[in-house]
Structure formats: structure tokens, C-alpha cells
Amino acid sequence: MAQLSDDCFAFGGPMMPVDEAVGIIASRLTAVAEKETVGLMDADGRVLAIDIAAPLPLPPFMNSAVDGYAVPASDLRRDASSAVPVEGRVQAGAAAPAVRPGHAVRIFTGAPMPAGTDTVFMQEDVRIDETDRVVLPPGLKAGANVRPAGEDIPLGHVALRAGRRLRPQDIAVAAAFGLTTLEVIRRLRVGVFSTGDELAAPGTARKEAQLFDSNRFMLMAMLRRLACEVGDLGILRDEPSALAKALKAAAGRYDLILTTGGVSTGEEDHVRTAVESVGSLVLWRMAIKPGRPVAMGVIDGTPLIGLPGNPVASFVTFVHVVRPAVMALSGATPAPMLPIPVRAAFAYNKKLERREYVRASLRRAEDGTLEAVKFPREGAGLLSSLVDTDGLVELGESIVRVEPGDQVGFLGYADLL
């Protein structure tokens, strides 16, 4: 079970900068230690538990990079074309024939180089004369068009390090080594609640003043993209003692508790109070928009993150608070999100010392530059603003005004998930 220190670092007072808040949580999270072995087809998105050193060089043997004719470099003439007889042929997957000095071998891409040869002429650069000899043009460098053994990855090189969140290309490397399984950190167990009397579960009867609960399903989908094992704990009603009891029970079953709603300052926002009644509050309120009310606490050693109830605020704070926490708990090597520079096609005012995320779509301007177009409406409750845009423009704490034509940083949704 992952554990979190219950030292309290921020409560009340000024809002905490995003990076400071995330740093406090990440520095006090202890990654789960349990490992498991999975097949390659099940390893995508998992966190590698041990280093993988190359058990063989890649490629494992010297081979031809092109279709053509293999020759020894010592036979090459530098000042004039030469014609040599062709002796044998070798294709990919076949054993290489022996070759005599002064002869060429017909060879195909990926085929092993015959002993004594070290250079390949591309077939389009040669011609066959009337005696069926291959005419080799002058000037080709020794070793041309050949892939040496270990050119990609040498024997013993640590190609995949522990803590890497595995991607399809990483799995390809493991397969190229002949591996069939990988040792990974076990899936993080995360329990997810929604809170609020105003919510109804999809598929149930909705009262006139209720909304169907959407945040919980969004957050569970985002967690599954991070290879978490997700527990759907339903909707908690606005009853302080029942809320505290449910959080206490979840702390013994999960590595992380995630709630949405009930963390603001209203009279019916009870998550903060419930956390304090059964655990400790580590910090509350971050200098981020959308998403200011974010509660971070610990209950019996289990971390809890309480996200805002507005869908966009919940999405943004998941990306910038929950995701790094999940990575830390999973033992994953931190991978900072790097915004790509684009040109703003909008004007915008913001507060100093607050980080803001503007929902935007990308378009290609007439001069070829990528431009970010702001979603036309404001509001942290607009699910359509997440569906109908491509990502978020990140505006740092020192920015107070954006003008059309300014360079801004853009984070695409594909990179955030």
C-alpha cells in the first residue's frame, strides 16, 4: 500500500502555486513495491520494474541495408569502373554463401553479409554487362550500405530503464530482444467517488434538480489510461458523517482515493471537513484556473485528492495534480509535459501569480504557422469545451495579458492522457 506523510504544509492563507503543491505531494509519496510479470501484449502503459539490458546486439549480425551487390572493400577501384563476376545470392533469413576474392554476391535488404564482404553497391547504381558481370562504379566508400552488428543497440546496453512507462516502441525493443514477458509494477488501485446530492447515476431516475454524474466516468477513464485498477465507489451524498466513514473505509482498500466535488467553501461542501475528521489535510486551494479548490490529504497513510465538481476544472486538475501523483505512486520516472509553441489567435486577460489553462483548437494560418483559437465561451462547467477543442493553452503565473500574435504554449489532449 502506498503511504503519504501526514505533515501539513498549506492550509488556508494564500493559494499555493501549482508546481509547489505537486512537488509537496510527489516528494512524500512512496511508490508501491509489488511487482508482477505480464506478457508483451499486456505491457503497454505499465511501469517497468527492472532495467532491461540487451541480451544480444541489435541487429545481431552485420547485414545489408539495401538490395544490391556485396563485395570486399579491398576489391574496389577508386579511379574507374570495374566489372566482376557475380557468385551466388543471399536473401533475408538465409545463410550467407562463401565468396571468393574478386567476386560479388547478389544480396537483398536484411540479408547477412557473406564472410569477407563489407560493402554493398545499390542495384540502381550498377549495371550488368554482356558477360553477366556486374559493373561497379568508382567512388563508393568502404562499408557503404551495411548495418554493422550492434549498430542500433550494443550487447549489454541498458535499453529500457526501470521506471519507464512503457509505450508500443518500448515493447518493440523487448520483442526484438526475444523477450516474451516483462516485469512491471503492479497496477495502482484507485477508488473514485463523486459527491453531491445534486448528482444522479446514469441509468437511474434523475430528479428535476439533479444532473447525471459525468465527472466520475471521465476520471475513471483517465485513470485506466494510466493503467490503474479503478474502483467505482459511486456517489457520496452531502452527509458529513457518512462521507467521513466512506473515506475511512476506502483508505484501507486503495493506494489512492480520488473524489470530485465538495471541496469548495460552500456550506454543503463537506470533503475537506470529512478528511480532517478521519485524517489530515496536507494542502488546500491551488493557484490554478480552472480548478482552484483542490484538497490533498492523507487518511491512515493513504493519499486522497479531492478535485472540483465542475467538469473542466476536474479535467485540468486531474492532468496537473492527479496524473503526477499516480506516476509517483507507480514508481514512474517523471516526464514533464512540454507545451509546443504556437501563435495565439485570441486576446485574454488573467491574474498575476495564477496559472491558467485556456481551452483552444489549432488551425494552420495562411503563413503556415500553427495558431491557437480560444473556445468562444467561458465556464468550467462546459463539457462541450473539452469535446470541441484540441487541447489547453498554458499561461504561466507571470503572464497577465495575451494579445493576438503572441507566442503561447499548447498542450494537446493526446499528450495529456
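User: Which residues line the largest cavity?
Analyst: The largest cavity is lined by G45, R46, V47, I185, R186, R187, L188, L226, A227, M327 and S330. A cavity here is a set of points on a 1 Å grid over the protein atoms alone where a 1.4 Å probe fits but cannot get out, and lining residues have an atom within 4 Å of a point. The model is predicted, so to speak of local features requires pLDDT of at least 70 and side-chain atom pairs count only at pLDDT 80 or more, while totals for chains, interfaces and linings use all residues. Residues are numbered from 1 along each chain as its sequence is written, and side-chain values use heavy atoms, with hydrogens and water left out.

User: How many cavities of 30 Å³ or more are there, and how much space lies in the largest?
Analyst: The search of the whole structure finds 1 cavity of 30 Å³ or more. The largest cavity holds about 70 Å³ of space, a volume being the space filled by probe spheres set on grid points joined across faces, edges and corners.

User: What kinds of residues make up that cavity lining?
Analyst: The lining of the largest cavity has 6 nonpolar, 2 polar and 3 charged residues. Ala, Val, Leu, Ile, Met, Phe, Trp, Tyr, Cys and Pro count as nonpolar, Asp, Glu, Lys and Arg as charged, and the others, Gly among them, as polar.

User: And the largest pocket, how much space lies there?
Analyst: About 770 Å³ of space lies in the largest pocket. A pocket is an open set of points with protein on both sides within 12 Å along at least five of seven lines. Of its 31 lining residues, R323, T333, P334, A335 and P336 are the closest to its centre.

User: Which element gives the most to that lining?
Analyst: Helix α6 gives the most to the lining of the largest pocket, with 6 residues. The elements that give two or more residues are α1 and α6; helices (H or I, at least four residues) and strands (E, at least two) are DSSP runs numbered from the N terminus. The pocket lining divides into 17 nonpolar, 5 polar and 9 charged residues.

User: Which residues of α1 are buried?
Analyst: In helix α1 (residues 18-27), V18, A21, V22, I24 and I25 are buried. Those residues line one face of the helix, because they fall within an arc of 155 degrees seen down the axis of α1, the arc being that of the directions from the helix axis to the C-beta atoms. On the other side of α1, D19 and S27 are exposed. Buried means under 20% relative accessible area, exposed over 50% and partly exposed in between (1.4 Å probe, protein chains only).

User: What do the buried residues of α1 pack against?
Analyst: They pack against β18 (280-284), β19 (288-289), β20 (295-299), α6 and β24 (355-364). Contact means heavy atoms within 4.5 Å.

User: Changing topic: which residues touch the most other members of the largest nonpolar core?
Analyst: Among its 53 residues, L223, L258, M286, I305, F318, V322 and V326 touch the most other members. Helix α6 (residues 311-329) supplies the largest share of this core, 12 residues. A nonpolar core is a set of buried Ala, Val, Leu, Ile, Met, Phe, Trp, Tyr and Cys residues joined through side-chain atoms within 4.5 Å.

User: What is V322 in contact with?
Analyst: Leaving aside neighbours within four places in sequence, V322 is in contact with L223, L256, L258, I305, L307 and T317.

User: Is E229 buried or partly exposed?
Analyst: E229 counts as partly exposed because its relative accessibility is 43%. E229 lies in strand β16 (residues 229-236).
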